[in-house]
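Subject: Structure handover and notes

Dear colleague,

I am passing on the structure below, followed by my notes on what was found in it. Please read the notes with the structure open beside you.

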Amino acid sequence: MGVVLDPLEFGFFVRALIASSLVGVVCAVVGTYVVLRGIAFIGDAIAHAGFPGVVAAYMLSIPFYLGAAVAAVGTALAIGYVTKRGGLRQDTAIGVLFAGTFAFGVFLFSTIKGYVADLFGFLLGNVLAIGPEDLIALVVLGVGVMVVVALLWKELLYATFDPLGAAASGIPVDRLEYLFLALVALTIVVSLQAVGIILVVAMLITPAATAQMLTARFTRLMIGAGLVGIASAILGLYLSYWLNVASGATIVLVETALFLFAMALGQRGLIARRRVRAGGDEVALGPGSR
Amino acid sequence: MTLQPPAEPVTTPAHLERSSHPLDHAVDAAHAHAHADVWLSDVSAGYGDRTALDHITAAVEPGSLLAVVGPNGAGKSTLLKLMAGLLQPWTGRIEILGAPPGREARRVAYVPQAELVDWAFPVTVEDVVMMGRFPRLGPIRRPGRGDRRATADALDQVGMSAHRRTQIGRLSGGQRRRVFLARALAAEPDLFLLDEPVTGIDTTTQELLMDLLEQQARRGKTVVATTHDLACVAQRFQQVMAINRSVVAYGPSNLVLDADVLARAYGGHLLVVEGRTVLLDDAHHHDAAAPGERHFHEQDPGR
């Protein structure tokens, strides 16, 4: 038990454990809708768009999450607008915004004289560096996101599954779309310090993708994704501590390993599909089977 | 598809010209406006710079069972989307249940075409039908006993209770349409807007769905459905609107469904066998045509 309990004597480790568990759950819950909507690319774009906000916050000496929130939510709403109104293909418009905002962050970064290790932490994640004030802010933000999802889960579900039917029956699908993109942006802000800009998309996508291999029911999918998210966060953090390696990357690797495991052995995974096909049973099991 | 040269070109008979056809002005505009559940006045709409519907005027009274027919690309789905408030018209006015489209949305149930639904989505039959209850619940409130009863009742009506825990991708085409009709029923709307509800399904299911829609119409609910199936229209719908970008004919189904009107609605895609109109639209295939079939090949209306 020593290897498990000993690290808990360190404040930084306890903070890291709370932060990564929070990130694991919030990302998995919001990520369930991201996966079902097929907007992983948008999640990645919003994460990269947070970078200039983080750098600007550093330069202005304000908390990083304020800068990141402004930049990420702003970009998320811009993506929502371009998607609806723009004459461009959605992925083209997002690609332009994505690279442009990130380049602006790198540009700002390069104007800072001297070595800024803190900012590198936001690219690749450094959950062990989270301070007590930052942690409180992240918990408030993360819980806020969860509360909004808890209040609007059914509207988000209907709008995701059948946007036309939902809109026609009075669900404010357009406003929900913007709200959801803002939730994705805030989720990413909560996750930036723990896993970093480059890997945060994995935290959003992988738990839900893993759960999809195990169940075909929405509520179970979301709960399963949450469990995968929190288990990966805790296991990954301990592994990174024991092995003295990067925490964000280790958490993502644990999630990836769980995904591969589920894909191979899950009841909706590869082996199960092969068995179904061999049995000649025409059963739709998921994407690709239509 | 390629069309062979017309064996027997048919031009629009003079008595079918828009201004003179008796069915075109079957409804008196002012009277219809006051009583209609669905009212469109000189509505044009489209996507980008492509016109899908041109100067549509129509009034659908409460308790109507109306089929919207026409070839692919005629604007059937667009018309339904306008009624559902999913698309804004370029010009003209629309009123749905006495208000602009969308205002009375909770009294409207819209069912999209089956092709537009993600059948791999992780929801069960029961989950989908329950969605019909969400709009009336509003945000925050969770589905309660009444909602579960309405869901169970709707599933019972369409005969899908036994499959309520099945993921929707595992259902047959007919079962899928049943589930979406159950969702509409569970919403207890005053207006049903159904895009291709009976396309590609078995006769038993078609009969069942039409029985249910007739029942709703008898209770004073209004049903507007697009369809390709003219046999079903002739047997089961009271009213027909034949469109091909504009309204070709609109009125009781026995009057509208005559070969000349349909020839105009369907342009070059009408097939008549021994005096009976049996097949329309792009499903029509010349190579498979039996001897003695007669083909109408009118001018192709902008397709």
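In chain B, the residues B:G174, B:R177, B:R178 and B:L181 of α6(B) meet B:T205, B:L209 and B:L212 of α7(B), where contact is taken as C-beta atoms, placed from the backbone, lying within 7 Å, and where helices (H or I, at least four residues) and strands (E, at least two) are DSSP runs numbered from the N terminus. By class, this contact has 3 nonpolar, 2 polar and 2 charged residues, with Ala, Val, Leu, Ile, Met, Phe, Trp, Tyr, Cys and Pro counted as nonpolar, Asp, Glu, Lys and Arg as charged, and the others, Gly among them, as polar.

Before going further, please note that this is a predicted model, in which local features need pLDDT of at least 70 and side-chain atom pairs count only at pLDDT 80 or more, while totals for chains, interfaces and linings use all residues. Residues are numbered from 1 along each chain as its sequence is written, and chains are lettered from A and ligands numbered from 1 in the order in which they are written.

Helix α6 (residues 173–186) and helix α7 (residues 203–218) of chain B pack at an angle of about 10 degrees, with their axes 10 Å apart; axes are lines fitted to C-alpha atoms, for helices over the stretch in contact, and angles run from 0 to 180 degrees between N-to-C directions. The two helices are therefore roughly parallel to each other (angles under 35 degrees count as roughly parallel, over 145 as roughly antiparallel, 65 to 115 as roughly perpendicular and the rest as oblique).

In chain A, helix α10 (residues 200–212) packs with α11(A) at an angle of about 125 degrees, their axes being 8 Å apart, which makes α10(A) oblique to α11(A). The residues of this contact divide into 6 nonpolar, 4 polar and no charged.

As for the two chains together, the contact takes 27 residues from chain A and 29 residues from chain B. On the side of chain A that touches chain B, α7 (132–161), α8 (163–168) and α11 (218–243) each supply at least two residues, and α7(A) gives the most, with 6 residues.

On confidence, chain A averages a pLDDT of 88, and 93% of its residues score at least 70, pLDDT being the predictor's confidence in each residue, from 0 to 100. Over residues 280–290 of chain A, however, the pLDDT is below 50, although this stretch has 20 contacts in the model beyond near neighbours in sequence.

Best regards
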